[in-house]
Amino acid sequence: MLTYLAKKLALLIPTFIGITIVCFAVIHLAPGEPTAMQAELNPKITKEAIERMRAHYGLDKPLTTQYVLWMKNLMRLDFGRSISTDERPVAEKIRERLPVTIGINVASLILEFLLAIPLGVLSAMRRGSLYDRTVTVVVFIGFSIPGFWLALICMEYFGVRLGWLPISGLMSPEYTGLSTLGRIGDVALHLVLPVSIAAFGSLAGLSRYMRASMLEIVRQDYILTARAKGLPERTVIYKHAMRNALLPVITILGLSIPGLIGGSVIFESIFAIPGLGQLFYQAIMMRDYNMIMGSLTIGAVLTLLGNLLADLSYSLADPRIRVR
Amino acid sequence: MEFRKRFFSDRLAVVGLIVVLAFFIVSVSAPLIAPYEPAAIDVDKVLDPPSPAHPFGTDELGRDVLSRMLYGAGISLKVGFVAVGIATLIGIFLGAIAGYYGGWVDIIIMRLVDIMLCFPSFFLILAVIAFLEPSIYNIMIVIGLTSWMGVARLVRAEFLTLKERDFILAERAFGAGSLRIIFVHILPNALAPVLVSATLGIASAVLVESSLSFLGIGVQPPTPSWGIMLSEGKEVLGVAWWLSLFPGLAILLTVLGYNLLGEGIRDAIDPRLKG
């Protein structure tokens with residue numbers, strides 16, 4: 001286990017360096033600079049002022065020097081300052097927003113697993129039935145539906161027409177006046193739409209995977225053995241088959257992280273949720289170099305860690321993996 | 001024959017095929033079948049609800065929603081096809097050389113794949129698009145450049161299993177060159193999974209294009225993209241539901257069609273994978 005862990009960790013380093021290079025290249029090789037944006041906003045700006053601004057942000061140095069500097073600071077978790085009017089450290093701005101995005105994504109993941117696993121198992125057990133076909137169609141619709149569109153429709157219907165659910169932000173204006181329980185309820189109510197829409201969109205992958213995995217398992221000899229020794233079907237399915245079918249699903253967890261983080265840009269801007277996605281979108285609009293690089297790096301590193309976590313839990317659950 | 005029989009016995013796959021063909025026909029014949037010019041402004045008919053004259057209503061400039069949607073079909077498909085074309089070419093190229101040559105080439109390419117897979121692709125696409133002029137061509141290129149990894153992995157895996165097979169060894173013994181072996185003997189065998197992945201890729205490219213256009217950094221108005229129509233409709237959602245409903249349904253149907261078709265082809269190619 002230790003050598004497996006060490007191997008995995010050693011592989012993280014080149015991947016991480018690669019991530020930073022891609023981030024850096026994307027931002028600096030693309031035409032358009034943050035100073036250009038400010039020049040657009042203020043047409044009277046002089047050439048000297050732009051040069052001073054570039055020097056101020058370190059944009060006048062050669063690319064390699066900029067990268068090395070950025071990387072050095074990164075080692076101290078310093079992503080530089082936001083190239084916007086508030087000039088606050090990027091790390092600080094991200095730290096404020098990250099818990100919101102992670103919280104929402106974890107909530108969506110939990111909901112997704114709670115729904116997808118029973119859906120998939122039942123589909124496999126009743127393969128070809130009306131239930132199976134209905135579930136297949138429904139999860140495919142979820143997979144194909146534009147999330148932002150579904151969000152709009154739900155906001156209009158549940159939020160505006162019916163008035164059941166709040167449609168923007170994380171908390172009501174009267175939040176501070178509420179009791180602790182009231183506060184939790186308030187935030188939970190605000191999260192219903194974004195979390196369930198995100199979960200609906202990602203249901204397909206997991207439930208189809210679970211179904212396929214389950215169908216594969218029930219064909220195995222040990223299931224035949226379990227049945228042959230007279231165990232009730234319930235025990236065979238839920239104890240012997242499902243446990244084993246759940247194993248490969250762990251990898252799906254790691255794979256679904258980038259999609260969730262990417263999707264948070266859309267959900268957070270539609271629902272006005274102050275998370276990393278919204279921050280990133282604003283940074284994009286302002287061409288805030290440091291902010292974009294910081295968020296992009298954090299997004300990729302979160303994925304990297306998610307994958308590592310999935311790998312490790314998989315190898316803990318299934319010792320055969322470690323040997324390979 | 002086997003393939004065709006299996007494919008057509010899968011009802012969902014056939015539905016997918018029909019939807020895909022229908023949208024394809026609509027998109028090429030839009031100029032013929034659209035009742036109005038997509039950009040024709042009619043100030044007397046601003047935000048008219050659906051009626052016989054305008055089956056899907058009109059928008060805030062009095063333009064016919066149905067006509068704009070018919071033209072929008074072409075935009076979505078163009079982005080989908082070109083983006084997936086780019087991704088597939090890159091994926092085949094990198095996957096083939098990684099799988100065929102192995103060793104260092106393979107290690108470097110697969111590391112690159114791992115790195116690219118770490119990025120939330122929507123983040124990456126947004127970051128690049130933000131610095132380029134938002135235009136339909138930039139979107140195609142950027143989606144293509146950020147979605148080749150799956151194809152590369154598939155092609156590499158096929159190459160790894162195929163290159164040691166006897167028929168390839170025989171070719172080599174007869175003196176066939178590497179290029180000939182790659183393109184004439186191995187690649188055709190790897191095309192089936194690539195076709196599946198390309199079909200599914202079109203679905204996700206259409207989704208990404210509509211999301212980008214919706215956020216205002218995709219296809220630019222007045223081009224009638226479905227995503228733009230939705231973003232314009234958002235402003236008047238309370239009073240003009242038809243502006244938000246129909247383009248959204250069109251995206252859903254197109255994406256669903258390609259997804260069902262892709263899954264159907266996959267199941268028909270390899271029935272063992274069918275659940």
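Colleague: Is L77(A) buried or exposed?

Modeller: In this predicted model, L77(A) counts as exposed, because its relative accessibility is 62% and the cut-off for that class is over 50%.

Colleague: And where does L77(A) sit in the chain?

Modeller: L77(A) belongs to the loop of chain A that runs between helix 4 (63-75) and helix 5 (90-125), and its phi is near 60 degrees, which is a positive value in a residue other than glycine.

Colleague: What about A272(A), what is its phi?

Modeller: The phi of A272(A) is near 50 degrees, again a positive value in a residue other than glycine, and A272(A) is found in the loop between helix 11 (249-270) and helix 12 (276-286) of chain A. With a relative accessible area of 35%, A272(A) is classed as partly exposed.

Colleague: Stepping back, how many helices and strands does chain A have?

Modeller: The secondary structure of chain A amounts to 14 helices and zero strands, and the C-alpha trace of that chain spans about 85 × 55 × 35 Å along its principal axes.

Colleague: How much of chain A counts as buried?

Modeller: Of its 324 residues, 47% count as buried, while the chain exposes about 16200 Å², with carbon and sulfur atoms supplying 67% of that area. As for contacts in chain A with a separation of 6 or more, 72% of them are accounted for by residues 24 or more positions apart.

Colleague: Switching to the interface, what area do chain B and chain A bury between them?

Modeller: Between them chain B and chain A bury about 4100 Å², and 78% of this is on carbon and sulfur atoms. On the side of chain B, the residues C118(B), F123(B) and F131(B) supply 20% of the area that the chain buries against chain A, which is more than any other three residues.

Colleague: How many residues does each chain bring to the contact?

Modeller: The contact takes 50 residues from chain A and 41 residues from chain B.

Colleague: How many salt bridges and polar contacts are there between the two?

Modeller: The count of salt bridges between chain B and chain A is zero, whereas six residue pairs are in polar contact, both residues of each pair being at pLDDT 80 or more.

Colleague: Which elements of chain B face chain A, then?

Modeller: The elements that give two or more residues to the side of chain B touching chain A are helix 2 (11-33), helix 4 (103-118), helix 5 (121-131), helix 9 (178-215), helix 10 (226-234) and helix 11 (241-269) of chain B. Helix 11 of chain B gives the most, with eleven residues. By class, the side of chain B that touches chain A has 29 nonpolar, seven polar and five charged residues.

Colleague: Staying in chain B, which peptide bond is cis?

Modeller: The peptide bond from P221(B) to P222(B) is cis, with omega near 5 degrees, and P222(B) lies in the loop between helix 9 and helix 10 of chain B.

Colleague: Last one: is S231(B) buried or exposed?

Modeller: S231(B), which is placed in helix 10 of chain B, counts as buried, because its relative accessibility of 17% falls under the 20% cut-off.

Colleague: And what is S231(B) in contact with, leaving aside its neighbours in sequence?

Modeller: Once its neighbours within four places in sequence are left aside, S231(B) is in contact with S213(B) and F214(B).

Terms used
Residues numbered from 1 in each chain as written. Chains lettered and ligands numbered in written order. Predicted model: local features only at pLDDT ≥ 70, side-chain atom pairs only at ≥ 80, totals over all residues. Heavy atoms only, no water. Contact = heavy atoms within 4.5 Å. Buried area = accessible area lost by both parts, 1.4 Å probe. Salt bridge = Lys/Arg side-chain N within 4 Å of Asp/Glu carboxyl O. Polar contact = N/O pair within 3.5 Å; in protein donor to acceptor, adjacent residues only side chain to side chain. Helix = DSSP H or I, 4+ residues; strand = E, 2+ residues; numbered from the N terminus. Nonpolar A, V, L, I, M, F, W, Y, C, P; charged D, E, K, R; others polar. Buried < 20%, exposed > 50% of the residue type's maximum accessible area, 1.4 Å probe, protein only. Areas by Shrake-Rupley, 256 points an atom, 1.4 Å probe, with all protein chains shown as cover.
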